[in-house]
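Trainee: I would like to learn how to read salt bridges and cores in a model. Where do we start?

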Amino acid sequence: MAEAMQLIREELGDDAIIVSTQRAAGGKGVRITAALEPSDHDDGIDDLIAEAERTPVADLVRDALVEHNVPPRIVEQLILAARNSGLEDAQAACAAALENHFVFAPLPDHGAPRPFLLVGPPGNGKSMTVAKLAARSTMKGRRVGVISADNVRAGANSQLSAFTSILKIELISARGPETLQRAIANCLGQFDIVFVDSPGLNPFKQGDLDYLAAMVEAANVEPILVLAAGADPIEAAEIGEAFGSVGATRLLATRLDTTRRLGSILAAADAAPLMFCDVSASARVVNGVTAVSPAIMARMIMPMPTPQAESTPLSATSSRAEASHR
């Protein structure tokens, strides 16, 4: 995906609009459809368009996105979608724009046909996220399997084992693609849902990406990128592209409780591209992850400055934003 995006930029330039992307099975090929906006408007039309962009709702959404360090190209695309929504409530217009630009696909908590392999750079909270996801499904009464394929970080199994023991879940260890394949084969029929922890890998080191690709192909898992919010948006976009190139499909954002800006996760999801699934905004294991929707993300980007909004939990949304999402 990263190589294909680079070819698009070389051929069409930075103004190219990505119309659609398609990833082949096993991550062995991609197809990207891109286009360029017509640029033959006269100055009068350009002036009218520029004037139309200056609406109260568009200004509010733009200010919020800029405050969150969202890259300018994404800001302009979201502003266009917000304006086209026709909504007069800024938060609802922001939600509509997010829904138009991104895909939201929360992870199931009841069961899944393939195990979820949590991947990402070191220090982004993969092991804790595995524990939180396992706790969520366990509290739903589901049979949960947890596999640790992290044979790099010292004490990785001990940390995860402490949580699985409390949840009365046996922690299964795997070392390398072949043993992971066998471990997952042994899980078939035993569990409703399986989560796999992976070692922290360097997205800019080809050997690490090759190792991850081998794990994905051998074990038939769905890779989920775990990425902490608050990083540099350009760096996050490159990380998203790297993990997307080896099959990552969704992005789970962590540390939302310790950062104020979401531009990096928007940049990462846009660059790969990745679907948003869940977010972690708490250090607690129980109720530690929340499914995210356009309305919820809009509330995080531009919370309403009212006492009611301040006391509303993350999982709630304003009625107008919810109506827009539906």
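Mentor: A salt bridge is a side-chain nitrogen of Lys or Arg within 4 Å of a carboxyl oxygen of Asp or Glu. This is a predicted model, in which local features need pLDDT of at least 70 and side-chain atom pairs count only at pLDDT 80 or more, while totals for chains, interfaces and linings use all residues. Residues are numbered from 1 along each chain as its sequence is written, and side-chain values use heavy atoms, with hydrogens and water left out.

Trainee: How many salt bridges does the structure hold?

Mentor: Seven. In one of them, Glu76 and Arg62 meet through their side chains at 2.7 Å, N to O. Glu76 belongs to helix α4 (residues 72-85) and Arg62 to helix α3 (residues 56-67), 14 residues apart. Helices here are DSSP runs of H or I, at least four residues, and strands are runs of E, at least two, numbered from the N terminus.

Trainee: Is Arg62 buried or exposed?

Mentor: Buried means under 20% relative accessible area, exposed over 50%, and partly exposed in between (1.4 Å probe, protein chains only). Arg62 is buried, at 16%, whereas Glu76 is partly exposed, at 38%.

Trainee: Which residue forms a salt bridge with Arg136?

Mentor: Asp278, with the closest N and O atoms 2.9 Å apart. Arg136 lies in helix α6 (residues 126-139) and Asp278 in strand β9 (residues 275-279), 142 residues apart. Both Arg136 and Asp278 are buried.

Trainee: How many residues has the largest nonpolar core?

Mentor: Such a core is a set of buried Ala, Val, Leu, Ile, Met, Phe, Trp, Tyr and Cys residues joined through side-chain atoms within 4.5 Å. The largest has 67 residues, and Ile301 is among those with the most contacts inside it.
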